[in-house]
Amino acid sequence: MSTRRSVLAVPGSNLRMIDKAKGLPADEIFLDLEDAVAPPAKAAARANIVAALNSPGWGKQIKVVRVNDWTTEWTYADVISVVEGAGRDLDAILLPKVLDGAQVRALDLLLTQLEKANGLEVGRIGIEPQIENAQGLRNIDEIATASPRVQTLVFGPADFMASINMRTLVVGEQPEGYEPGDAYHHILMTILLAARAHGLQAIDGPYLQIRDLDGFRRAASRTAALGFDGKWVLHPTQVEACNEIFSPRQADYDRAEEILDAYAYHTSTAGGARGAVMLGDEMIDEASAKMAQVVAEKGRAAAMTRTTSFVPPQA
């Protein structure tokens, strides 16, 4: 699955911002038909998005469209317009405010019909369910397994905070009176565990104070430390910081690759077929290799290059 360190949100109603987004180094770009687009502008935004997806100038970004949620009158028209108009250039649909698996299955069925009707590869367009309320979190395993199209689980903090009556108006920061601690830890860990249990990626939501880059780094670093794959970004200034935070540090990547090479050598017949050995001052074993594999895979996905190498000891 493609890496999603940075997921850039772009209003579907803003042609200038869509065009600018094409040249940014975000791993994923989603063109929004939901919160960022006013009701009278939604029909025009669909046309903008179709034209943008069909136009040249895109890089290697994953291209996604966030439709409106199933409780609105716009969802079916969002999906039909975008898939019929630009299905060959669309990688996934981001479905907001998901309540249960039935809503994911409904989108799956509609996508399948559209793919068949338009000569598209059936099942290629993915689904990214967004968890934005208490009901969705309680049903997260059902949501995660509702369709083979599901690729990620995405946290939507603003709507979630409203749904549980959290006493704050600042998205991404701790509610006043809760500190020390992390008021979001249970929510984030529940999403992360469901994603890992079902082979999916876990994506954190946005940090709305776009001029506070230090605050963004602080919030992103918390979820990166937990093990999330990436985070939404709302402004070009957040993109590079996000890519950096959700990639391994060079020294960690080098060490991870060294551990994997050393473990492979020492567990082989040529290396003595040992299950636990010393690598410098550290003992490594199978568990060490599993931990190193996670870091190494993130580094490879970020196209990092090793600066060190493992040299087998002389006999």
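**Aromatic contacts, cavities and backbone**

Modeller: At 3% relative accessibility, F160 counts as buried; please keep in mind throughout that this is a predicted model.

Colleague: With which residue does F160 form an aromatic pair, and how are the planes arranged?

Modeller: The partner of F160 is F155, with a distance of 5.8 Å centre to centre. F155 is buried too, its relative accessible area being 2%. The planes make an angle of 65°, and because an angle over 60 degrees counts as edge-to-face, the pair that F160 forms with F155 is edge-to-face.

Colleague: How many aromatic pairs does a search of the whole structure find?

Modeller: A pair of aromatic rings is described by the distance of the centres and the angle of the planes. On a search of the whole structure, the number of aromatic pairs found is three.

Colleague: How is the pair of F30 and W232 classed, stacked, edge-to-face or tilted?

Modeller: The ring centres of F30 and W232 are 4.6 Å apart, and the planes stand at 45°. Planes under 30 degrees apart would count as stacked and those over 60 as edge-to-face, so the pair of F30 and W232 is tilted.

Colleague: Over the ring of which residue does the charged end of K42 sit?

Modeller: The charged end of K42 lies 4.9 Å from the centre of the ring in question. A distance within 6 Å is needed for a charge to sit over a ring, and the ring here is that of W74.

Colleague: Which element gives the largest share of the lining of the largest cavity?

Modeller: The search of the whole structure finds one cavity of 30 Å³ or more, and the largest cavity holds about 130 Å³ of space. Of the 14 residues that line the largest cavity, the closest to its centre are G172, Y184, L188, D204 and R222. At least two lining residues come from each of α7 (157-163) and α9 (213-226), and the largest share, three residues, comes from α9.

Colleague: Which element gives the most to the lining of the largest pocket?

Modeller: The largest pocket has about 930 Å³ of space and is lined by 32 residues, with F228, F246, V294, V295 and K298 nearest its centre. Two or more lining residues come from each of α8, α9, α10 (236-245), α11 (250-266) and α12 (286-301). By class, the lining of the largest pocket comprises 15 nonpolar, seven polar and 10 charged residues. With five residues, the element that gives the most is α12.

Colleague: Is N165 buried or exposed?

Modeller: N165 is found in the loop between α7 and α8 (185-197), and its phi is near 65°, a positive value in a residue other than glycine. Most residues other than glycine have a negative phi. Its relative accessibility is 69%, and because the cut-off for this class is over 50%, N165 counts as exposed.

Colleague: In which loop does K97 lie?

Modeller: K97 is not a glycine, yet has a positive phi of about 50°. K97 lies in the loop between β4 (92-95) and α4 (101-117).

Conventions:
Residues numbered from 1 in each chain as written. Predicted model: local features only at pLDDT ≥ 70, side-chain atom pairs only at ≥ 80, totals over all residues. Heavy atoms only, no water. Phe/Tyr/Trp six-rings, centres within 6.5 Å; stacked < 30°, edge-to-face > 60°. Buried < 20%, exposed > 50% of the residue type's maximum accessible area, 1.4 Å probe, protein only. Lys NZ or Arg CZ within 6 Å of the ring centre and 35° of its normal. 1 Å grid on protein atoms, 1.4 Å probe; cavity = no way out; pocket = protein on both sides within 12 Å on 5 of 7 lines; lining within 4 Å. Points joined across faces, edges and corners; volume = space filled by probe spheres on them. Helix = DSSP H or I, 4+ residues; strand = E, 2+ residues; numbered from the N terminus. Nonpolar A, V, L, I, M, F, W, Y, C, P; charged D, E, K, R; others polar.
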